[in-house]
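Have the model open while you read.

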Amino acid sequence: MEDLPEELFAEFLKRITRTSDLNSLSLVSKRLYKIEADQRGAIHVGCGLCPATEALASLCTRFPNLCKVEIDYSGWTEGHGNQLDNQGLSVLSSHCPSLASLGLSFCSYIDDSGLGYLACSKKLASLRLTSTPNITSRGLLTVSVHCQSLSALHIIDCNKVGSKDWLEYLGSVGSLEELVVKNCEGISQDDLLKFGSGWINLQKFVFEIKKRFFRNRWAGPNGGYDPSYDPHSLNMYDFICENMKDLKLGSIEIATGKGLRFLLGRCKALEKLCLEYVRGLNDNDMIALSQSCNNLKSISLSLDPQYYQDDFRTAFTDNSLKALALSCPMLESVDLTFSGCDTMYPSEIGFTQKGLVALIQSCPIRVLVLRGANFFNDKGMKALSSAPLLEALDLVDCESITDAGLRFTVCAPCLINLTLRLCESVTNVGVSKLAHPQKLDSLIIERCCQVSEQAVRGAARSVQYSESVSHSELEKLFTVSC
């Protein structure tokens, strides 16, 4: 083996993805040790890094061509020893000339001075900061000015970041292609508008805040909704965002003609859209978006009821579904979540079964996810059975679907992945019907109280059964924050 060409060794190592396997392989021979060290491009370290700075220096010396480094102190306690501090970033920037991607998570010993050392990392293209409590806008501005290759910036749970200077600078340079801001109390919609001409080159944008809106059916109409608003008209923020492909907004309130509302209807290249509990939108916004975004492939909407003049319902109606059906011929994935909608009042959901079925029949839908869709019943399942391209169906808390509806899934020509969660009207009888044709590659059953583990055996090539549901899935359904 020692006689093999180094190029062949290198190609062999590229095919090994598990870090533990790479570490074991490097112990086989000194030659493999050196080749593997030269090939290693990424490391992920955290609580086990002790003493932190010296250990990191040793790793950087052993792996001279590192381009991606993740430093994650989630779960850290004082018993783990000191965290990596500012000096550690100094070591990283001086020892890793190829550093292109850096992630810092729960690094409480690092502040703006530490970020200042990254000025030497001229190839740094991606920076992700998660729960770094001592990082402020000053540190971000330093990175923005000196790291001219920076194209992706993620800021998550960083509450000391606020000032608009770094946003204005990055916007004026126009190099940023990906901007993610989540749960940062010091950054508002108005701050993000200071990004200015930077919107032109941005391809991915995510903005979420912690605050959710108090839903009270007796509280009276919400004054934020304006049925006369026309998103086609020019407003005070006439930015261009024609390269945006991926857009996600979560838990924000959009006022008429202000804030980030301008994004809807101006992202001509948009392929993926996610709106989670965004207040103030209406059918006009979705119609404008549909007419502008003919390349849209995936849409995810999380909706809860709000007041629209005399109605108390979710933001969009069948008019939005019709617009998507007419103008988005590439739409493949639809994910709809309805939270806080009373089953006693079906009109609280603005969509109807007829409207949803029309969308599925008009677009090449391959993936459909429905959560809390109490309007969708066995007749809807029958309509899905004729969907020519539907491959994956995920039903969560859809209590109107029974065994009669479930049996139609075996008729869907391409359906191979089926997930049922919290579907209390489905029983062993319905699940047993899935076993006969042996069409399903995957079947997931979670917390369907009338379905037993024994009943799902043999219903698909791969079966997962649980009497509980993951916390993240429950949060999607039942968390409407105050």
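## Ground rules

Buried here means under 20% relative accessible area, exposed means over 50%, and partly exposed is anything in between (1.4 Å probe, protein chains only). The model is predicted, so to speak of a local feature takes pLDDT of at least 70, side-chain atom pairs count only at pLDDT 80 or more, and totals for chains, interfaces and linings use all residues. Residues are numbered from 1 along each chain as its sequence is written, and side-chain values use heavy atoms, with hydrogens and water left out.

A salt bridge needs a side-chain nitrogen of Lys or Arg within 4 Å of a carboxyl oxygen of Asp or Glu. By that rule there are 15 salt bridges.

Let's look at Arg421. One of its partners is Asp394, with the closest N and O atoms 3.2 Å apart. This pair links distant parts of the chain: Asp394 sits in strand β15 (residues 392–396) and Arg421 in strand β16 (residues 417–421), 27 residues apart. Helices (H or I, at least four residues) and strands (E, at least two) are DSSP runs, numbered from the N terminus. Asp394 counts as buried because its relative accessibility is 15%, and Arg421 is buried too, at 12%.

Arg421 also forms a salt bridge with Glu473, where the closest N and O atoms are 4.0 Å apart. Here the partners are 52 residues apart, with Glu473 in helix α17 (residues 471–478). Both Glu473 and Arg421 are buried. Shared partners tie Asp335, Arg371, Asp394, Arg421, Glu446 and Glu473 into one salt-bridge network.

Arg313 counts as buried because its relative accessibility is 13%, while Asp311, at 41%, is partly exposed.

## Strand β10

How many of the six residues of strand β10 (residues 298–303) are buried? Six of the six are, so β10 is largely enclosed by the rest of the structure. In a regular strand, side chains alternate between the two faces of the sheet. In β10, Ser298, Ser300 and Ser302 are buried on one side, and Ile299, Leu301 and Leu303 on the other.

What about its neighbours? Strands count as paired if DSSP finds at least two bridges between them. Strand β9 (residues 272–276) runs parallel to β10, joined by five bridges, and Cys274 stands opposite Ser300. β10 also pairs in the parallel sense with strand β13 (residues 333–338), over six bridges; there, Leu303 has Phe338 as its bridge partner.
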